[in-house]
Amino acid sequence: MPTFLTSQQKDLVQEIANMLIKRSEKIAVAESTAGGLISAALLSFPGASNYYAGGGVVYTLNSRIEIAGVSPEEYKNYRGTTEEMLASLVNSMRQKIGADWCIGESGIAGPAGGRANHTKGRTVIGISGPINKTITIETETLDRETNMIEFTTESLIFLRDTIHESEDSYNIKT
């Protein structure tokens, strides 16, 4: 049977979906460099409508403003995505969609560099929800497609781990 996901990605999505369904929570996605692969992965699990709230590929600054609702002021003098900018993007998308969580990423898949000449194969991943976190990932490869797949995998790992972390915090408080 043909598949577009790696076995690792399938396992991650199944775990994420089961956690979100169990908690009756929904996820939104604001992705850029992954080009829709994070959403596609999350939607590949049967029953996705029980946990997937929506999202978009916010590849341009204008799409971040129009789709996610980020203030244009945040992109004045834009020189590449920072962790602070991505935190704002995922928070804006989560609120606009009305989801419990939002995962997002933005970076440079390669082979060319971006506005600020950041390393190719670099992305910032952010989560907004019961826990807010960001991380910067560097793959050390210039291959665009390889980076898109790796950014997707790393985003799913980060999401799974953050949801687990929120469960741990919840269990400690109760």
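Begin by selecting Ser155, which is found in helix H5, helices (H or I, at least four residues) and strands (E, at least two) being DSSP runs numbered from the N terminus. This is a predicted model, in which local features need pLDDT of at least 70 and side-chain atom pairs count only at pLDDT 80 or more, whereas totals for chains, interfaces and linings use all residues. Residues are numbered from 1 along each chain as its sequence is written, and side-chain values use heavy atoms, with hydrogens and water left out.

Ser155 is buried, with a relative accessible area of 0%; buried means under 20% relative accessible area, exposed over 50%, and partly exposed in between, with a 1.4 Å probe and protein chains only. Now display what surrounds Ser155: not counting residues up to four places away in sequence, it touches Ile38, Ile103, Glu105 and Ile125, where contact means heavy atoms within 4.5 Å.

Centre the view on Leu42, which touches Val13, Ile16, Ile27, Val29, Ala48, Tyr51, Tyr52 and Leu156, residues up to four places away in sequence not being counted.

Now show the strands as a cartoon. An open sheet of five strands has the order S2-S1-S3-S4-S5, with mixed pairing, two strands being paired if DSSP finds at least two bridges between them. S2 and strand S5 (133-138) are the edge strands, each pairing on one side only. Within the sheet, S1 and S3 run parallel and are joined by five bridges; select Ala28 to find Cys102 of S3 opposite.

Finish at Gly54, in strand S2 (residues 52-57), which is buried with a relative accessible area of 13%. Leaving aside neighbours within four places in sequence, Gly54 is in contact with Ile27, Ala28, Val29 and Ile97. From Gly54 to Ala30 the C-alpha to C-alpha distance is 9.0 Å, with the two 24 residues apart in sequence.
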